[in-house]
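Work through the exercises below with the structure open. Try each task before reading its solution.

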Amino acid sequence: MAYNNQHSIRELPPKALFHFLLVAGLAALAYAIITQNLIAAIAVICFPLASIILIYGLQTPRFGYLLYATYAYYFMVIMRYSRKEGLSVGLDILLVYIFISILFISIRKKSDIKLSNAINVLTVTYIVWILFILVQLVNPGIHSEGITAGIRNWIVGTLVLYLISCLLLDSPKMLKRGLIVWGIFTITAFLKLLYQRYVGFDYAEKIWLINGGAVTHILNSGIRYFSFFSDAGNFGPHMGIITIVYSIVGFHTRQKWLAWFYRSIALMGLIGLLMSGTRGAIIVPLGGIALYCLLCKSVKVMMISAITGLFLFAFFSFTNIGNGNSFIRRMRTAFQPTQDASYNVRIENRKQIAEYLKTLPLGVGLEEDIPKLWPAKDGSYIEGNLPPDSYYVSIWIQTGIVGLVLQLIIYGIILLRCCYIVMFRIQNRELMHTLAALTCGTFGMWLNGYVGEGMGQPPTNFVLVASLAFIMNGAYIDKQISKCNQNSNKKTSNTILL
């Protein structure tokens, strides 16, 4: 009896606390309903679930990383429908939360995370870029917004994202799950694309189009669809990387259901690319195929890839097949750039940018633009800025020729390291093709950076980081597969599917 009383007393505080929180929650919910405060009611209802998720995430950093991936992928959805500014702080909070959870389990020595994975070519070369950004912070042309962006985005946010990605994306299971989750995200984007195409744009999207989006998305040649991305210029290249990555993975996966899942995602990516009407996005799968010919180390695969690439190039460049379809017709103009008015405008803008930056080797400063007077219909002039129209031109404007060359060198070093890992450090054939697919997708996206800004926008920027982290951990993942094979006596080609 004494034991039972002692046991009851010991359990009393948690029960009392639970009952108190329950009563307080019900009272808060009743008050929110009476006062018709919907936001407060939702907050009260979601608080228990949020608490469970936060506590679980502290013990499982990879779960926190999934939350970050979800928030990053649907970030523009949240921005568009909430019509709130400054929500990117949620990404920073999640990064800090994941970093704390990694420290938490490491201190408790209950972690399977290999801390040395955080040191690789990706993170080391980025430190060089951070040093350059620190120099940029003393640029006399920079304002407070640029300093904030430089510290928050380039130094803190991106570096922490690189580190935790390399620490957490380090196993065959994470690679498989990552591809499946990315595929599920793509399905939601594709369904939203179909809704826009066959039902129409919703209220929030119409507001965005009225406020200026219609100029570049409602054209005489047809509508450029953007799903729930920021715009078609972001959506198209992302669907391009989906196309090349899942096409390669889909044809080198042994599990039939999973292979057909990947191939279906690749088809969705191709349809999305075409329906975006983003002509520069075609370089993503074409550039990826070209690199894959060099990485695969198989004459048969090389021939198939080369023939596929040449067929696509010839189809768009030398035929008029499919011109009745507005999406194919618009995509074909990408292979005749000098005949395209928008391309010629970009070239003219870049000449003016080059002229302006002649005496500014370090650029105009982070988050700064090049001013220009634009002629109005009444003969007057309107103050504006020269649009960068691409990721690399934006870097060029902000950091000058020095920053642009430095970033291209860093990308070149990272690409060479990725190719080396894929070609010479991976023994498992299925893993090799999977990492080759991620390398090709990243390379294609980097090529697109010359004509578009998608690689610097969510969710594509996050996808590129995750892809590079998997590649950098390729040798470590391959060792896990080999060890698993030795212990289970299973075929190597099947192990990655665990």
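Helices here are DSSP runs of H or I with at least four residues, numbered from the N terminus. The model is predicted.

**Exercise 1. The nonpolar surface patch**

Find which helix gives the largest share of the nonpolar patch, and classify Ile-401 by its accessibility.

Solution. 
- Step 1. List the members. Val-135, Val-138, Leu-362, Ile-401, Val-402, Val-405, Ile-409 and Ile-413 make a nonpolar surface patch of about 640 Å².
- Step 2. Assign the share. Helix α16, residues 391-425, supplies 5 residues of the patch, the largest share.
- Step 3. Ile-401 lies in helix α16.
- Step 4. Apply the cut-offs. Partly exposed covers the range between under 20% (buried) and over 50% (exposed). Ile-401 has 43% relative accessibility, so Ile-401 counts as partly exposed.

**Exercise 2. The largest nonpolar core**

Name the residues that touch the most other members of the largest nonpolar core. Then trace the contacts of Trp-446.

Solution. 
- Step 1. Start with the expectation. In soluble globular proteins, nonpolar side chains tend to be buried together.
- Step 2. Look for the main contributor. Helix α16 gives this core 16 residues, its largest share. Helix α16 also gives the surface patch its largest share.
- Step 3. Trace the contacts. Leave out residues up to four places away in sequence; Trp-446 then touches Tyr-392, Tyr-411, Ile-414, Leu-415, Met-455, Leu-464 and Leu-468.

**Exercise 3. Salt bridges**

Solution. 
- Step 1. Set the rule. A side-chain nitrogen of Lys or Arg must lie within 4 Å of a carboxyl oxygen of Asp or Glu. The count by this rule is 4 salt bridges.
- Step 2. Take one of them. Arg-62 and Asp-170 pair through their side chains at 3.0 Å, N to O. Arg-62 sits in helix α3 (residues 61-73) and Asp-170 in the loop between α7 (144-168) and α8 (172-198), so the bridge ties together parts 108 residues apart in sequence. Both Arg-62 and Asp-170 are buried.
- Step 3. Move to Lys-192. Its side chain meets that of Asp-202 at 3.0 Å, N to O. Asp-202 is in the loop between α8 and α9 (203-217) and Lys-192 in helix α8, so this pair ties together parts 10 residues apart in sequence.
- Step 4. Check burial. Asp-202 has a relative accessible area of 17% and is buried. Lys-192, at 15%, counts as buried.
- Step 5. Glu-205 and Lys-192 form a salt bridge at 3.1 Å, N to O. Glu-205 belongs to helix α9 and Lys-192 to helix α8, 13 residues apart. Glu-205 is buried too.
- Step 6. Join the pairs. Shared partners put Lys-192, Asp-202 and Glu-205 into one network.

**Exercise 4. Cysteines**

Solution. 
- Step 1. A disulfide needs two cysteine sulfur atoms within 2.5 Å.
- Step 2. Cys-296 is in no disulfide either, and its nearest cysteine sulfur is that of Cys-293.
- Step 3. Check burial. Cys-293 is buried at 11% relative accessible area. Cys-296 is buried at 0%.

Note on methods. Residues are numbered from 1 along each chain as its sequence is written. This is a predicted model: local features need pLDDT of at least 70, side-chain atom pairs count only at pLDDT 80 or more; totals for chains, interfaces and linings use all residues. Side-chain values use heavy atoms; hydrogens and water are left out. Patches are made of residues with over 30% relative accessible area and no salt bridge: like charges are joined within 9 Å, nonpolar side chains (Val, Leu, Ile, Met, Phe, Trp, Tyr) within 5 Å. Accessible areas come from the Shrake-Rupley method with a 1.4 Å probe; for residues, only the protein chains shown count as cover. Helices (H or I, at least four residues) and strands (E, at least two) are DSSP runs, numbered from the N terminus. Buried means under 20% relative accessible area, exposed over 50%, partly exposed in between (1.4 Å probe, protein chains only). A nonpolar core is a set of buried Ala, Val, Leu, Ile, Met, Phe, Trp, Tyr and Cys residues joined through side-chain atoms within 4.5 Å. Contact means heavy atoms within 4.5 Å.
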